[in-house]
Amino acid sequence: MIQWLKQLRITFGASFIWLVCLIYFTQGFRSFVWTAVSYQLKDKLKLSPSASQFVTSVAFFPWSIKPLYGILSDCIPIRGRKRIPYLVIATLLSLFPWLILSIDMSSRSSRVPFMILLTVQNLGSAMADVVIDAMIAEAVRSERASFAGDLQSISWMAMALGGICGSLFGGYALTNLRIDAIFLLFSALPAMQLLSCGLVEEQPVAGEVSSEYLTSNGGSHTINGKGFHEDRMSTEKSKNKISRRKRSRKNAKQGPITESPVTAVHGSLAKKWINSLKMTTVSLFRAFRQPIILRPMSWFFLAHVTVPNISTVMFYYQTEVLKLEASFLGTARVVGWFGLMLGTLTYNRYLKKMKLRRILLFAHIGLSLLTLLDCVLVSRSNLSVGISDKVMMLFGSALSDGINQFKFMPFLILSGQLCPPGIEGTLFALFMSINNLGSTVGSFVGAGLASILNISSGNFDNLLLAIIIQVLCTFIPITFLFLIPKEATGISA
């Protein structure tokens, strides 16, 4: 282990490895502060389960537009650099909302300002996630490609460690600290991330603005080993010849026109950025139209949308009716993280050669059976056979996270294999955004279901009916499995 870390440090540099680990650890550690957010919405703002889930869904919307951040950082450098400046911006967006919430009581005591600040914070976190993914992709290119798996492994390890620590300490902190102190403590991580950005040196795509910069393709995406500018070279040359003839005729009539060199440079830069944005968008659209990519993504989106997410309602039930403490709910999330890692290991060892349709079929059948455990919990049938609520919670948390990973892992691998060169990071971000958008819409559907059934704080009479509806809806995605290519597996397309 030590030798492995040493090799990564030598290959990529200690500062880069530290930044990667810190960002992914922070992403996992977010459970520390979001536990406090859930209790703030419930106990301080006195929101109903449906209103609380609505606020959370809106706050997480920035994770649904991740490709936008990738395209911007890919195509529009800031002072000649494509990653670190955007990472600094993202970190500032992640940092200041927590500082404001920790200092200003009114901002966390009113629903709208609270929701806006949470949305801004998620915007920064989502942008940082995209940028660091792009930096990892660039770092393992060419001669260092053999270390791609190692960087991904250390990233997942850091995020899992952050999730475990955040879940463990989140419940304890909520019991022993004021919520403003929790927000302030968490802001230390993005503050460290901001300082760490200055430790990593990024090679600029060009030095001073010059004609060499305007004609180079450094830093642009490549497709099939050729840069966008190289692909357009012959076309642009012919267009330039025609345009020069037209300008010479026009100038002969109107007299000489003097153009500022600075204006010409900035005009050329703007044109280059616009062309790069267009080419990236076109390439992304072409890749997305491939049935092998479009069909699984469509299924994954439908799998979220057609199943109402009532997790916030269950959180209210667990705390108000079952009287489960915040520290125990944190422990349940730790068990869930271990279930996620177990699901990943199980998939890699036993399931990756299985057909995707079969994996997804079994996964949804398993999720429907696990949802029935919530029926048992709400009906209190578990007590009649001597099984405590806490045992049911821990068992269900571990298994649900593990089975959900059986759905997630094949698409991670498939999307990575099918991304055309040059837009890997952006297409992967698009895939994740579709997943996140589907989850967000599913949360809105769950909030709507809770509102229709008049489920509120202190009134859970129709919660059992909501869970039964959720169980039935779990089978809907199975009817759309024809969208998954018949012969596709987790390791081949």
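Trainee: How many aromatic pairs does the model have?

Mentor: The count comes to 12 aromatic pairs, and since this is a predicted model, that number describes the prediction. One of them joins Trp-34 and Phe-60, whose ring centres are 4.7 Å apart with the planes at 45°.

Trainee: Is that pair of Trp-34 and Phe-60 stacked, tilted or edge-to-face, and why?

Mentor: It is tilted, because the angle of 45° between the planes of Trp-34 and Phe-60 falls between the limits of 30 degrees for stacked and 60 for edge-to-face.

Trainee: Where in the chain do Trp-34 and Phe-60 sit?

Mentor: The pair links distant parts of the chain, 26 residues apart: Trp-34 belongs to helix 2 (residues 14-44), while Phe-60 is in the loop between helix 3 (49-59) and helix 4 (66-75). Trp-34 is buried, at a relative accessible area of 11%, whereas Phe-60 is partly exposed, at 26%.

Trainee: And what about Phe-315 and Tyr-316, what kind of pair do they form?

Mentor: Phe-315 and Tyr-316 make an edge-to-face pair, with 6.1 Å from centre to centre and 80° between the planes, and both residues are buried.

Trainee: Back to Trp-34, which cluster do ring pairs link it into?

Mentor: Ring pairs link Trp-34 into a cluster with Phe-25, Phe-29, Phe-32, Phe-60, Trp-98, Phe-183 and Phe-186.

Trainee: Which residues touch the most other members of the largest nonpolar core?

Mentor: Those are Trp-98, Phe-183 and Leu-463, in a core of 53 residues, and the helix that gives the most to this core is helix 2, with 9 residues. Apart from this core lies another, of 31 residues, which has Ile-17, Tyr-24, Ile-136 and Met-159 among them.

Trainee: What is Phe-183 in contact with, leaving aside its neighbours within four places in sequence?

Mentor: Phe-183 is in contact with Val-33, Ala-36, Val-37, Trp-98, Leu-101, Ser-102, Arg-108 and Phe-114.

Trainee: Changing topic, which residue lies over the face of Phe-328?

Mentor: That is Lys-390, which lies at 5.3 Å from the ring centre of Phe-328.

Trainee: Last one: is Asn-436 buried or exposed, and why?

Mentor: Asn-436 is buried, because its relative accessible area is 18% and the cut-off for buried is under 20%. Asn-436 has its place in helix 21 (residues 424-452), and, not counting residues up to four places away in sequence, Asn-436 touches Trp-63, Ser-64 and Lys-66.

Methods: Residues numbered from 1 in each chain as written. Predicted model: local features only at pLDDT ≥ 70, side-chain atom pairs only at ≥ 80, totals over all residues. Heavy atoms only, no water. Helix = DSSP H or I, 4+ residues; strand = E, 2+ residues; numbered from the N terminus. Buried < 20%, exposed > 50% of the residue type's maximum accessible area, 1.4 Å probe, protein only. Contact = heavy atoms within 4.5 Å. Phe/Tyr/Trp six-rings, centres within 6.5 Å; stacked < 30°, edge-to-face > 60°. Lys NZ or Arg CZ within 6 Å of the ring centre and 35° of its normal. Core = buried A, V, L, I, M, F, W, Y, C linked by side-chain atoms within 4.5 Å.
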